[in-house]
Every structure is written in C-alpha cells, then in structure tokens.
Amino acid sequence: MNPDRLRHRLSQTELADRTQELLALGFRLGLVAAHDDADQLRIVYLFLAGYPDRRVELECVIPRGAPTLHSLAHLSFPAGRFEREMADLYGIQPVGHPKPRRLVRHAHWPEDWHPMRTDAGPPPEFTSRAGFPFVTVEGPGVYEIPVGPVHAGLIEPGHFRFSVAGETVLRLKARLWFVHRGIEKLFHGRPATAAGDLAERISGDTSAAHTLAYSRAVEDALGIPLPDEVHRLRALLVELERLYNHATDLGALANDVGFGLANAHAQRIREQLLRLNAAVTGHRLLRGAIHPAGVTLRTLPDPHVLRSIAADLAEVAQLTVANTMVYERFAGTSVLRSGDARAVGCLGFVAHASGVRSDARVEHPTTALPVTEIGVPDGDVLARYMVRRDEFAASAELAAYIIESHTGPIAYADTTPSMNASGSGVGIVEGWRGTIVHRVEIDAASRITRAKIVDPSWFNWPALPIAMADTIVPDFPLTNKSFNQSYAGNDL
C-alpha cells in the first residue's frame, strides 16, 4: 500500500483519538461517507494533507439495529455537518452533537424515512408540515426579514432568514436543500466507467472539474494508469472552466453595485471563452471531453488568444476597482477573518481571500504544473474580487503553458480498462470554486456501489452568515455574489 494513502478500521473511541491526532498534524477532513452494507453500517472519514499528497481513511462500523455514533463535532465543525447529513439520509444518530437538527431533510420529509438506506423503499407520502426551527433573536427593535427560497432571475432556491436591528444584520441563517436530487443514489448500480454524464450534471457550471474528480476516483479504484499528457490535457479543460466562471463573477459583482458597463464587457469576454470551449470540446460547458481512462479534445486553443483575453479582462477589472463608487462598496464589506475561514474549513477563492492556502493542484497533483498560488488576507468583498482577478490571469497563463508544451495527440482512451475489478478510489480536483472530492466504491462486476461527492460549496456555505454579521441588509446580494456558492453542488 502507498504509505501516503492509509486506511484504518477503528472503534468509536479510537476514531476520536485518531481524528484529533490527524487534525493536529495539519490534515483536514475532506469527506465523510456512510455506507449501508446490508448487515451493518460503515462510515469512512477521509483526511487530506499536502504537499506531499497524503490521504488517510478512518473506517468505523456500527450495527444496523442501534445506529449511533459518537459525535466528532467538538473536534471539527465540518464533521458535525457531515454527521447531521448522515442522520437525515441514513438514520445514524450522532451522540453528543451540540446541534443535532435536520440538515438535508425539510419538515415535510417523513421522520423515519432515510432514503440512502438499502431498505428505504419508495418515498412515502410527504406530510404538509412546513417550517424550520430558526434561532430567534430578540431585543429592542429586532425584527426578521425572510428572503427566498424563490428569488428573482435565474438564482437557484435558498431561504435566508435575517435577524435585523435597523439595517444591521445581527444573525443570518441559510436554509438550503431545496434542489436535493438524490445524485449520490443515482450513481448506485451504474457501470463504473459510464457515469460521467451524471457527474457532469452535479453542478452545471463545474461540469469539467466534477467529471474529472469522478474519473480520477474510478481510475484510482480500478488501478488504471494514464500518461502524463492526458493529465495535462484534462488540467487544461479545468483551467478553461475556471476562466469563464471567474469572468462571469467579475462582471456580476460590478453589476451588483450598479457598474453595468463592466458587466457588459465581462459578459462579452465570457462569450468569447464559451465559444472557445465549444471549439475545443464541442460543448460550451466543456461536457463530453473527460471520461474515465481518457480525454477527447477537438483542437487546442490558441495561447495568443488566451493571453489577449486575459489582458482584456485585466483592463476591465482595473477600471472596475478604480471606480470610487465600486471600491467603497467592495472594501471592508462582509469580512471573513482568517481564523473563521479555517475553522469552517473554507476552500478555493473564499479561503484565498481570507489568507488561507488551499489548492489541490499543489497539494494533490496528478502532473507537475507551474501553479501560481493567489492569496490576500483582507477577507472582504474586495479581496474576493481581487483573488478572482488574479486567478484569472494566472489560469490563462497556465493554460497557455500547457498548450505550448503539449506534444502528441489530443485524444486518448484506454482500450483495455480493468474489468471485473473492485475497490475504492478517491479523486481530488481544484475546481474553480475550490477543491472537489469524489470517493467511489466498486463491486466485482465493476458497478458503483457507493459514490460520495463533496463540492467546495459544502464547506463554504456556512461562512456566508459569518461574513454577514454586522453588515447591512442591502449588502447581502453583493456579499452572496462574492461567495457565489453552488446550490445544486451543495444540495445533491
């Protein structure tokens, strides 16, 4: 076994002790996956650290008849949220959890129906009971403002409850999972090498990165090696995905404070990038190009075009932050401090804007690339804007480097993948929002028996209410856009 990829089966007491040791050594909890093995329930905790790439899996087994688990919420905030998810979907009750409220299941879900259990059966009739036990904030002049879950425009559904004194936000509570689709359940029984179409639809604006994480997990489980050129071509596609999304956000942030001119130019640049994506892969959102054991490109982008687009966007960004009105709205708004970002487990540009290092391209690489790590410590809307701006420039240059250094074909497929093989595997990818982790288990017939997916939005959503504390209500749309987390990627 690779010494940097370890697996241990532990008792619940040993689990807490080992978790504390790993966290003290600088590991982070990347994923927790419950499994229904028919005769018992099994929980896998994946801890990650880098550089170098290190992965430790801790496994704990509990009986089906008494599905209780000693909570690790006192050691890790993300662990507490994973435990609440398992309680909703598997009926595993976290003993000692400080807030064991529902997380995924809304009030109309039946109390004793846990859809990820093998004996769950078809969905029973849902009740008409509605509502959610939000924490009440009381005091002179305090009132509540409910927002959503239905919003104007194309935004996905999410409910936000503000406790406000005047215009100042005292507390914000977000309620998600209105678009819970049972994605992980849909993977069950699918051929391991033929579920890429499902991975592409986990979060539509992150099709390439999620498909790559799924593909890497399958390849890890089945022991499929790939040439370095394939890893580099796949990395190129993820950088192209980062470019069009960052361009979109830079324009949308300017638009949220009334600077529509910058948004118009950013949308123009986004359209250029989407057309470039279509030329490279045949799809504007880069779908169909990445698959287990291979990659298929139609052509390579012109690096001079990418550099020209990067210069164009840099000018738009400079004009944006040079505008006094924009700068004053961005600077000092909704600060997420470094300590809070670390405690919550933030990833991607949200973490980088609070001075927290986190980049799977450096920590869990599959190929050697000159990745530029971007980070600023301020933690406000301006920092989240500037990180996107700087990541766009670095990503365009990285994409150009991959193109200019590429040799050989631009399509590859392993024609002899491992068949009738079983095992588990992990795929880790730095998507445009942050680190994505997929873990799969595959049976002897090469079918998926369990797929666990963690989008960076899972870790970043809890940071939004923290940043909104002591911020005025009118700044919520701007703050929410500066985080821009995926509803679908979180809700699954």
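**Exercise 1.** Which element gives the largest share of the lining of the second largest pocket?

*Solution.* The structure is a predicted model, in which local features need pLDDT of at least 70, side-chain atom pairs count only at pLDDT 80 or more, and totals for chains, interfaces and linings use all residues. Residues are numbered from 1 along each chain as its sequence is written, and side-chain values use heavy atoms, with hydrogens and water left out.

Step 1. On a 1 Å grid over the protein atoms alone, a pocket is an open set of points where a 1.4 Å probe fits, with protein on both sides within 12 Å along at least five of seven lines; lining residues have an atom within 4 Å of a point.

Step 2. For the second largest pocket, 25 residues form the lining, and Phe77, Arg84, Arg101, Lys173 and Pro462 lie nearest its centre.

Step 3. Helix H2 (77-90), strand E9 (168-175) and helix H15 (463-468) each give two or more residues to this lining; helices (H or I, at least four residues) and strands (E, at least two) are DSSP runs.

Step 4. The largest share, five residues, comes from E9.

**Exercise 2.** Describe the lining of the largest pocket.

*Solution.* Step 1. The largest pocket is lined by 30 residues, with Leu154, Ile155, Asp205, Lys481 and Asn484 nearest its centre.

Step 2. At least two lining residues come from each of helix H6 (228-256), helix H7 (260-281), helix H16 (476-483) and helix H17 (487-491).

Step 3. H6 provides the largest share of this lining, seven residues.
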